[in-house]
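Please work through each task before reading its solution.

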Amino acid sequence: MLRIHFTAADFARVRFAPRPAPLIELNTAFMKATSSDDPLLYARWRQRLLRSLPPTVLPLRALAPAGDAPAFLDTYNDSLTDALESIHATHPTAIRSELQRIYASAPHPPPPWIRALHQNDPDSWHLFDQAQHAAFETVLRPVWPLIQDLHRDEFTRHALTTAEHGTAHALTHLVPNSRLRNNT
């Protein structure tokens with residue numbers, strides 16, 4: 001169970017993203033593509049997607065060796081360029097810490113490019129950027145207008161729920177079986 005403690009000030013700052021975040025969408029697609037759940041719904045899509053990836057994307061597999069990606073990938077920027085700039089602006093200590101965390105339980109040691117990224121090597125950052133751009137172009141660009149439309153629909157639904165019923169109601173209906181305790 002995950003517990004999140006909100007203060008009144010936290011509730012006042014709750015926002016819903018008005019546009020989809022390309023890197024979050026890409027990370028979610030990769031996590032779904034590499035999991036084995038729901039084979040009836042996703043098996044054909046997974047096979048088609050994984051076959052379509054250009055070799056430039058393959059290094060990204062090393063960013064989630066045990067199914068857990070580093071937190072520095074979670075950027076909510078509206079464009080891929082802004083998201084990558086945000087990642088580059090992350091303090092190198094945070095990058096190293098996250099790479100150490102994900103490889104602590106990995107079934108194999110990190111590849112050379114991850115070790116170089118750990119050392120803030122410019123060539124490894126270039127490889128990372130190329131892989132992210134190629135992944136976005138292959139996986140999301142063909143369906144990006146649809147993703148934007150679906151996100152706009154969800155945004156509108158959550159905005160209306162918040163306006164009609166309040167933030168607490170919107171948050172508890174965002175995640176099935178979630179609840180607020182003590183009405184605070």
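**Exercise 1.** Determine how α2 and α3 are oriented to each other.

*Solution.* In this predicted model, the axes of α2 and α3 lie 9 Å apart and form an angle of about 110°. Axes are lines fitted to C-alpha atoms over the stretch in contact, with angles from 0 to 180 degrees between N-to-C directions. Angles of 65 to 115 degrees count as roughly perpendicular, and α2 and α3 are therefore roughly perpendicular to each other. Helices are DSSP runs (H or I, at least four residues), numbered from the N terminus.

**Exercise 2.** Classify D38 and N177 as buried, partly exposed or exposed.

*Solution.* The classes are buried (under 20% relative accessible area), exposed (over 50%) and partly exposed (in between), with a 1.4 Å probe and protein chains only. D38 has 38% relative accessibility and is therefore partly exposed. N177 reaches 81% and is exposed. N177 follows α9 (167-174), and its phi is near 65°, again a positive value in a residue other than glycine.

*Conventions.* Residues are numbered from 1 along each chain as its sequence is written, and side-chain values use heavy atoms, leaving out hydrogens and water. Local features need pLDDT of at least 70 and side-chain atom pairs pLDDT 80 or more, whereas totals for chains, interfaces and linings use all residues.

Technical notes: Helices (H or I, at least four residues) and strands (E, at least two) are DSSP runs, numbered from the N terminus. Angles under 35 degrees count as roughly parallel, over 145 as roughly antiparallel, 65 to 115 as roughly perpendicular and the rest as oblique.
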